[in-house]
Amino acid sequence: MKSKRIQQIQLVPNRRSGVAMIMAILLLLISTSICFSMVRTTSLRQSRFENRQWKLQANLLADSALERAAQQLRMQPASFEEVWEVTFNNESGEARMSAQPANSNQYEVTVVATYPSGVPQRAQTTVRAMVDVSDLSGNESTE
C-alpha cells in the first residue's frame, strides 16, 4: 500500500508542473502572435504613409511642371516635349511635359509626374491644362 501511495504523491506534482508548462507555452504563443500582429500593423501604416507622401510630392511636382511649361510657352510659344528631373530629399522625381497648340492663342499642356523615379512602386499624377499665351499676367486656365 505504501508504494502505491508514494507513486500517487509523486504523480500529482508532475501533473501540476505539466499544466503550468502548457499554460506558459500558450501565453508565450499568444504574446508572440500579438507582437507579430503589432509589427505587421505598424509596417502597413508606414507603407501607407510613405505612399501618401509620394503622392503629395508627385502632385507638387506636377503643379510646378505645369507652371514651368506655362512660363516657357509665354516666353516662346511653340510645341515642345520635355522631361524635367528634380531631386527632393535625396530622391529624384520626374515630370514629362508636352505642349500642343489647341488654337491660335492656347496650348494644351499635359504633365505626367512620377515620384520617386526608378522605383517599382511610385506615385504618378497626370495634369492637363490650357495655357493662354496671349495672357501676359501669367494666369493659365485649367480644365
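Predicted model: local features only at pLDDT ≥ 70, side-chain atom pairs only at ≥ 80, totals over all residues.
## Overall fold

The chain has one helix and five strands. Their order along the sequence is α-β-β-β-β-β. Helix α1 spans residues 2–75. Strand β1 takes up residues 80–88.

Sequence separation gives another view of the fold. Take the contacts between residues at least 6 apart in sequence: 45% of them join residues at least 24 apart.

## Burial and surface

The chain holds 143 residues, and 24% of them are buried. Its accessible surface comes to about 10,600 Å². Carbon and sulfur atoms account for 55% of that area.

## A nonpolar patch

Which residues form a nonpolar patch on the surface? The members are Val19, Met21, Ile22, Met23, Ile25, Leu26 and Leu29. Together they expose about 710 Å² of accessible area. One of these patch residues, Ile22, sits in helix α1.

## Around Glu82

Glu82 lies in strand β1. Its side chain makes a polar contact with the side chain of Arg68, at 2.9 Å. Arg68 falls within the residue range of helix α1, 2–75, so this polar contact pairs a residue of that range with one in strand β1.

What else does Glu82 touch, leaving aside neighbours within four places in sequence? Besides Arg68, the list holds Gln72, Ala95, Arg96 and Met97.

How values were computed. Residues numbered from 1 in each chain as written. Heavy atoms only, no water. Helix = DSSP H or I, 4+ residues; strand = E, 2+ residues; numbered from the N terminus. Polar contact = N/O pair within 3.5 Å; in protein donor to acceptor, adjacent residues only side chain to side chain. Contact = heavy atoms within 4.5 Å. Patch = residues over 30% accessible without salt bridge, like charges linked within 9 Å, V, L, I, M, F, W, Y side chains within 5 Å. Areas by Shrake-Rupley, 256 points an atom, 1.4 Å probe, with all protein chains shown as cover. Salt bridge = Lys/Arg side-chain N within 4 Å of Asp/Glu carboxyl O. Buried < 20%, exposed > 50% of the residue type's maximum accessible area, 1.4 Å probe, protein only.
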